[in-house]
Amino acid sequence: MITAITVLGAGTMGLGIARLFAGHGCRVTVYDPNIQPLSDPFLPPSLVLANDFEKAVSEADLIVEAVPEQMDIKREIFGRLDKLIKPSAIVASNTSTFQLHDLTADLAIRDRMLITHFFNPADYIPLVEIVALPSTSSSIVCEVASLLQRCGKSPVVLNKDIPGFIANRLQAALMREACYLLENGVADAAQIDTAVREGLGLRWAFKGPFEVADLGGLDIWAKVTGHLFPELANSIEAPQSIVEKTGRGELGVKSGRGFYEYDDVYRTADRLRSSLQRLLTLKSNFHQEG
Ligand SMILES: NC(=O)c1ccc[n+]([C@@H]2O[C@H](COP(=O)([O-])OP(=O)(O)OC[C@H]3O[C@@H](n4cnc5c(N)ncnc54)[C@H](O)[C@@H]3O)[C@@H](O)[C@H]2O)c1
Ligand SMILES: O=C(O)[C@@H](O)[C@@H](O)[C@H](O)[C@@H](O)CO
């Protein structure tokens, strides 16, 4: 039974994951070498903040890694965990893009490692994608999936270890096209966001792409995809509009400026959490009504 959880990385995702587990009765420790007294007013007071790595991980039943998306940093951490954790402990990575096979190569603990890919904000978005290796015992996958279900999540266990899993591949395909439209002057960021927020996104809260295709008629979808696929963006580089902003330190909400301007990180994130809470209540009523 997983009760003691250590989250590595106190950034956007690590704190959301910590908030989720702490809110569902787990003992949660957060480790970050750059830890400062956390000023986020929405963090539960029960969180233990640690700056001693060995102490933070040695008694944990589950260690969730949420450090930057860099293979060298993640691999260095897993190498240290290999020697420090309990024989029964499970290690989960929140990577957005890497394959589990590459993250875990040559580690003694690789068969106790998984990907649990949460979505921002991690304490509100129900989806968590789980990836395991063929050699991972199914009892570990079941244990982590049932913990997530107890915390109100909707885990999806993938059949294959593939970069970007399901949702990030879909999201990246959409973002490639959104940046193409922006960079080619077809529409600005606000117009593109409106098209998703007021159109596609509303439907996607209740129906996935295959359900939407069935609803529209597959004969029409055959025509639409056949006509449009040759017209779509197909770049294999990160979009210029995002790379340029990153180069200027415009990182989005956390730096106060991205595609838009922000004056308060915590308030911006909290407003999204409140809207999601209302939508989730509505969605649950919708499913109960059938
Ligand atoms: N931001 C998102 O929307 C999102 C969503 C899902 C998954 N992810 C993935 O989650 C991971 C974390 O992303 P994030 O957005 O929270 O990043 P972030 O930059 O907000 O936070 C990363 C944190 O890790 C800390 N850190 C750096 N080295 C460390 C180490 N050796 N040990 C412990 N902590 C360390 C940093 O100090 C920082 O606080 C990445 O793999 C990312 O791809 C991000
Ligand atoms: O959207 C999310 O929360 C996730 O899909 C993340 O993994 C991902 O890093 C995105 O923020 C960017 O694709």
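Modeller: Ala, Val, Leu, Ile, Met, Phe, Trp, Tyr, Cys and Pro count as nonpolar, Asp, Glu, Lys and Arg as charged, and the others, Gly among them, as polar. This is a predicted model: local features need pLDDT of at least 70, side-chain atom pairs count only at pLDDT 80 or more, and totals for chains, interfaces and linings use all residues. Numbering starts from 1 along each chain as its sequence is written, chains are lettered from A and ligands numbered from 1 in the order written, and side-chain values use heavy atoms, without hydrogens or water.

Biologist: How do the residues of the shell around ligand 1 divide?
Modeller: The shell takes residues with a heavy atom within 4 Å of the ligand. Asp-32, Asn-34, Glu-69, Lys-74 and Ser-96 come nearest among the 22 residues around ligand 1. By class, the shell holds 9 nonpolar, 9 polar and 4 charged.

Biologist: Which helices each supply at least two residues of that shell around ligand 1?
Modeller: Helices here are DSSP runs (H or I, at least four residues), strands likewise (E, at least two), numbered from the N terminus. Two helices qualify for ligand 1: H1 (12–22) and H3 (71–84).

Biologist: How much of ligand 1 does the protein bury?
Modeller: Start with polar contacts, pairs of N or O atoms within 3.5 Å. Oxygen atoms of ligand 1 lie 3.0 Å from a polar backbone atom of Thr-12, 3.3 Å from a backbone N or O atom of Val-67 and 2.7 Å from a polar side-chain atom of Lys-74. Alone, ligand 1 exposes 830 Å² (Shrake-Rupley, 1.4 Å probe). The buried share is 77%.

Biologist: And ligand 2, how much of that does the protein bury?
Modeller: For Asn-168, a side-chain N or O atom is 2.3 Å from an oxygen atom of ligand 2. Taken alone, ligand 2 exposes 330 Å². Of that, the protein buries 58%.

Biologist: Which residues surround ligand 2?
Modeller: The shell around ligand 2 has 1 nonpolar, 5 polar and no charged residues. Its members are Ser-96, His-117, Phe-119, Asn-120, Asn-168 and Gln-171.

Biologist: What do the buried residues of H6 pack against?
Modeller: Buried means under 20% relative accessible area, exposed over 50%, partly exposed in between (protein chains only). In H6 the buried residues are Ala-167, Asn-168, Glu-177, Ala-178 and Cys-179. Contact means heavy atoms within 4.5 Å. The partners are strand E6 (113–117), strand E7 (127–131), helix H7 (189–204) and helix H10 (240–247).

Biologist: Which residue with a positive phi follows H6?
Modeller: Its phi is near 70 degrees. The residue is Gly-185.

Biologist: Is Asp-106 buried or exposed?
Modeller: Asp-106 sits in the loop between helix H4 (100–104) and E6. Its phi is positive, about 70 degrees, although it is not a glycine. With a relative accessible area of 75%, Asp-106 is exposed.

Biologist: Is Phe-165 buried or exposed?
Modeller: Phe-165 is not a glycine, yet has a positive phi of about 60 degrees. Its place is in the loop between strand E8 (154–157) and H6. Relative accessibility is 2%, so Phe-165 counts as buried.

Technical notes:
A polar contact is a pair of N or O atoms within 3.5 Å; within protein, one must be able to donate a hydrogen and the other to accept it, and residues adjacent in sequence count only if both atoms are side-chain atoms. Buried means under 20% relative accessible area, exposed over 50%, partly exposed in between (1.4 Å probe, protein chains only).
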